[in-house]
Amino acid sequence: MRILRGLASYPPDLRPCVTALGAFDGIHLGHALLISTAVERGRALGLPSVVCTFDPHPASVLWPDRASRPIATLDDNLERMKGLGADAALIIPFTLEFSRMEAEAFVDDILVRTLGVREVVVGFNHTFGHDARGTAALLAELGLRRGFTARVLPPFRLQGQTVSSGAIRHRLGEGDVSRAAELLGHPYAITGTVMRGAGRGRTLGFPTANLKPDRPLVLAPGVYGARASWEGGAADAVVNVGYRPTFGENQYWVEAYLLDFSGDLYDRTLRIEFLERIRPEMKFSGVDALKAQVMADIEAARARRDRRERSS
Amino acid sequence: MIRDTRSGILPVDKGPDVTSFQVVAQLRRVLRAPKIGHGGTLDPAATGLLPILIGEATKLTPYLVELDKEYLATVRLGVSTNTQDLAGAVLESRLVPELDEASIGKALAPFVGLIRQVPPMYSALHHEGRRLYELAREGVEVERQAREVTVHAIHLEALTLPDLVLRVTCGKGFYVRTLAADLGAALGTGGALARLVRTRVGPYRLEEAAPWNLVLSARDGESLWARALPPDSALQAMPAARLSEPATRAFANGQSVTEPGAPGLVRVYGADGALVGIGVRRGALLKPERLLHADTPRSRVLPA
């Protein structure tokens, strides 16, 4: 998949094309269906499929104070677009100035002139252009006049629930990582660099990797069963997300205890996929109580892993 | 002021938030045309094709307003307003249920054909010598007579609830706004016109129209004249007759001439191939109904 940053880099050989248009935060099942539809339509028409998206997420530019945190990084999103078979991803830098572009100008200058779209696939609630005046209906109507087809996908539902980035963020905010993974179609994941911590885990008898996450988390504090991976290795893990209230520190931190692993991961980049929630974050009366709970968490995670391995 | 005596029809893509009259006023200045008019009002919020009649072509206005029109209309379901479009005050809003193409198609069917439509209060129609919209602004609602109007076709182009995009082909006097409201009522959700683009008036298509920014930025008329069409472009559906030289002279002077053929309106060309006017044929006689004068360069009167 070719990655194009900015409109100026758009190459003529990707024109005409079929486009999937959206902000695509996290690439959930609905996004995946949308991008796959564009890929399929491209193959049917013999045209390249181009995912047209924005960075940073438009909401974070338009409403910096109240925008929700993104579910995934742009790199993660791009990786999934590639996995879905898109030929290219066009990343339009989203600025306040860009946001003032009229909806018709966005269609005429970008979709028609730059991309030469034959078909545009969008979600039913996608809006574009100044004041979000560009709706799916407007795109369909302009398509009729400019000679492209707008495919508007209805809300994607899973077991009666609409799959949306908002719904997923809500689940993550409650710590329900397994339901979030169902809606996403993949586990919620973060990456971070392993830092030198206080070494407290080691003194408690279970060394942990202290992670500095690459971005603010959407996830509720708590203890999670996870899969950790790094270049050259992977292990199941018990991950504590939160403020570590027992030690009175007020720092958002991610601590991973890797099951049956010994070695040095300092300064490495660790990727953590959250699979299930073990328990919410709690404050302990003392170090012994904490130690007992952590042992129990690790045992629970180990048991779950063994169950998973037996069943697969 | 030097006046231009040329005639023609300029299809313009009217921009949003200007009245059809403002378009005419702007073009009167740019084209320096003494006579200018438009071929069928488009609501200020609507965009799209507005044919502008210039010079002698203004005499064809009654024929232009008779032409079929095509619109792309975006209807917002779930909201009713006093003006039947989104510019008005909201009277009621409701949740829109999941509607499929079949149920909307069924609801649209009664609006196609020779139908009766009650015109909106917000319209330029008269009631006892006053415009209905004047009364509406005073909060007065009067009973309106349903009018017979022709709708040739309505096609559901896109279903993106709560919005629908419809392609409507209709005859004169049809209010698309009212269709939005009446369709909403038929579906039980209420409805209002969210957006309207006129894509065709008779033979004139929006794709060929002068873009609105060109109209606004034109310094002189020439860039616009280049896009103007001859007056008889409006009459393509009418049978044509070509007269001999003496007959041309007689016809142009208002006399009936002998020109057998099918009865009805005929566009009449002179021996030189120029449009002389429109005649009505009864039996073998062709009687002038409307005469157009050729684009004769007249002596120019300069201001003193």
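B:Thr61 touches B:Gly37, B:Gly39 and B:Leu53, leaving aside residues up to four places away in sequence. This is a predicted model, and the contact is a computed one. B:Thr61 is found in helix α2 of chain B, which covers residues 61-64.

Step back to the whole of chain B. Its secondary structure comes to 8 helices and 18 strands. Its C-alpha atoms fill a box of roughly 70 × 50 × 40 Å along the principal axes. Of its 304 residues, 38% count as buried. Take the contacts in chain B between residues at least 6 apart in sequence: 66% of them join residues at least 24 apart.

Five strands form an open sheet in the order β14-β16-β17-β18-β15. The pairing in this sheet is mixed. Which strands sit at the edges? They are β14 (240-242) and β15 (257-258) of chain B, and each pairs on one side only. Inside the sheet, β16 (residues 264-269) and β17 (residues 275-282) of chain B run antiparallel, with 6 bridges between them. B:Tyr269 in this pair has B:Leu275 of β17(B) as its bridge partner. Strands of a sheet pair through backbone hydrogen bonds, either parallel or antiparallel. Helix α8 of chain B, residues 245-252, lies across β15, β16, β17 and β18 (285-291) of chain B. The helix runs at about 85 degrees to β17(B).

Now turn to chain A. It holds 10 helices and 14 strands. Its C-alpha trace spans about 70 × 45 × 40 Å along the principal axes. Of its 312 residues, 39% count as buried. Among contacts in chain A with a separation of 6 or more, 73% come from residues 24 or more positions apart.

Chain A contains a closed barrel of 6 strands. Follow the strands around in the order β9-β10-β13-β12-β11-β14. The pairing is antiparallel. From one strand to the next, the twist averages 45 degrees.

What lies on either side of β12(A)? On one side is β11 (residues 222-230) of chain A, joined to β12(A) by 9 bridges in the antiparallel sense. In this pair, A:Ala228 stands opposite A:Ala235 of β12(A). The two strands form a hairpin with 2 residues between them. A:Gly232 sits in the turn and has a positive phi of about 95 degrees. β12(A) also pairs with β13 (residues 253-258) of chain A, antiparallel and over 6 bridges. Here A:Asn240 stands opposite A:Glu255 of β13(A).

Strand β11(A) has a further partner. It is joined by 8 bridges to β14 (residues 269-280) of chain A, again antiparallel. A:Arg227 has A:Glu273 of β14(A) as its bridge partner.

The two chains also meet. How many residues of each are in contact? The count is 10 residues of chain B with 10 residues of chain A. On the chain B side, the elements giving two or more residues are β4 (69-77), β10 (147-160), β11 (163-170) and β12 (191-201). The largest share, 3 residues, comes from β10(B). By class, this side of chain B has 5 nonpolar, 3 polar and 2 charged residues.

Last comes confidence. The predictor gives the complex an ipTM of 0.72 and a pTM of 0.78. Chain B has a mean pLDDT of 90, and 95% of its residues reach 70 or more. Over residues 296-300 of chain B, however, the pLDDT is below 50. That stretch has 4 contacts in the model beyond near neighbours in sequence. Where pLDDT is low, the predicted coordinates should not be read in detail.

Key: Residues numbered from 1 in each chain as written. Chains lettered and ligands numbered in written order. Predicted model: local features only at pLDDT ≥ 70, side-chain atom pairs only at ≥ 80, totals over all residues. Pairing = 2+ DSSP bridges. Helix = DSSP H or I, 4+ residues; strand = E, 2+ residues; numbered from the N terminus. Axes fitted to C-alpha atoms, helices over the stretch in contact; angles between N-to-C directions. Contact = placed C-beta atoms within 7 Å. Nonpolar A, V, L, I, M, F, W, Y, C, P; charged D, E, K, R; others polar. Buried ≥ 20, exposed ≤ 12 C-beta atoms within 10 Å, placed from the backbone. pLDDT = per-residue confidence, 0-100.
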